[in-house]
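I opened the model to see how the chain is put together. My notes follow in the order I looked things up.

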Amino acid sequence: MRMIVCICHNVNDKRIAQCAREGVRSVKGLCMATRCGTRCGKCLCTARDVLNEALQQAEPTPAARNALAGSVATANPASQVA
Ligand code: FES
């Protein structure tokens, strides 16, 4: 059963879990991906909780895994030394 998290933009927990599998790692990223929280903002606390729970259970997609690996590689200055 789906739980509506953001009434303003019709975002449910399944959609947030999907975003977590696709590489969303923050509430800001969730807002950008779904518009959740960008109208009245009353859903932000619940959205954060649902995202955190989804991140603990999420198995990232191969594309998200590659993107995350790339961001770690570029964030590590030692990896940029040839
Ligand atoms: S309930 Fe999410 S922005 Fe209003």
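**R35 and the ground rules**

I began at R35, which is partly exposed because 14 other C-beta atoms lie within 10 Å. My scale calls a residue buried if 20 or more other C-beta atoms lie within 10 Å of its own, exposed if 12 or fewer, and partly exposed in between, with C-beta atoms placed from the backbone. R35 is found in the loop between α2 and α3. Its phi is near 70°, a positive value in a residue other than glycine.

I note that this is a predicted model: local features need pLDDT of at least 70, side-chain atom pairs count only at pLDDT 80 or more, and totals for chains, interfaces and linings use all residues. Residues are numbered from 1 along each chain as its sequence is written.

**Layout**

I took helices (H or I, at least four residues) and strands (E, at least two) as DSSP runs, numbered from the N terminus. The protein chain holds four helices and two strands. Along the sequence the pattern is β-β-α-α-α-α. Of the 82 residues, 23% count as buried.

I counted a contact where two C-beta atoms, placed from the backbone, lie within 7 Å. Among contacts with a separation of 6 or more, 54% join residues 24 or more positions apart.

**Core**

Next I looked up the nonpolar core (a set of buried Ala, Val, Leu, Ile, Met, Phe, Trp, Tyr and Cys residues joined through C-beta atoms within 7 Å). The largest one has 16 residues, and V5, I16, A20, L30, C36, A47 and L51 have the most contacts inside it. At least two residues of this core come from each of β1 (4–6), α1 (13–21), α2 (27–34) and α3 (44–57). α3 gives the most, with four residues.

I then checked V5. Leaving aside neighbours within four places in sequence, V5 is in contact with V11, N12, D13, I16, C36, C43, T46, A47 and V50.

**α3**

Which residues of α3 are buried? I found A47, V50, L51 and A54. Seen down the axis, the buried residues of α3 fall within an arc of 105°, so they line one face of the helix. The arc is that of the directions from the helix axis to the C-beta atoms. The buried residues of α3 pack against β1, α1 and α2. On the face turned away from the buried side I found the exposed residues C45, N52 and Q56.

I also checked the span. The expected value is 1.5 Å times one less than the number of residues. The 14 residues of α3 should span 20 Å, and the end C-alpha atoms are 20 Å apart, which agrees.

**α1**

In α1, R15, I16, C19 and A20 are buried. They cover an arc of only 145° around the axis, which puts them on the same side of α1. The cover over these buried residues includes β1, β2, α2 and α3. Just after α1, G23 takes a positive phi of about 115°.

N10 is in the loop between β1 and β2 (11–12). It has a positive phi of about 50° although it is not a glycine. N10 counts as exposed because it has 12 C-beta neighbours inside 10 Å.

I ended in helix α4 (residues 62–75), where L68 is found. L68 is partly exposed, with 13 C-beta neighbours inside 10 Å. Not counting residues up to four places away in sequence, L68 touches G23 and P60. The C-alpha atoms of L68 and V24 are separated by 9.8 Å, and the two are 44 residues apart along the chain.
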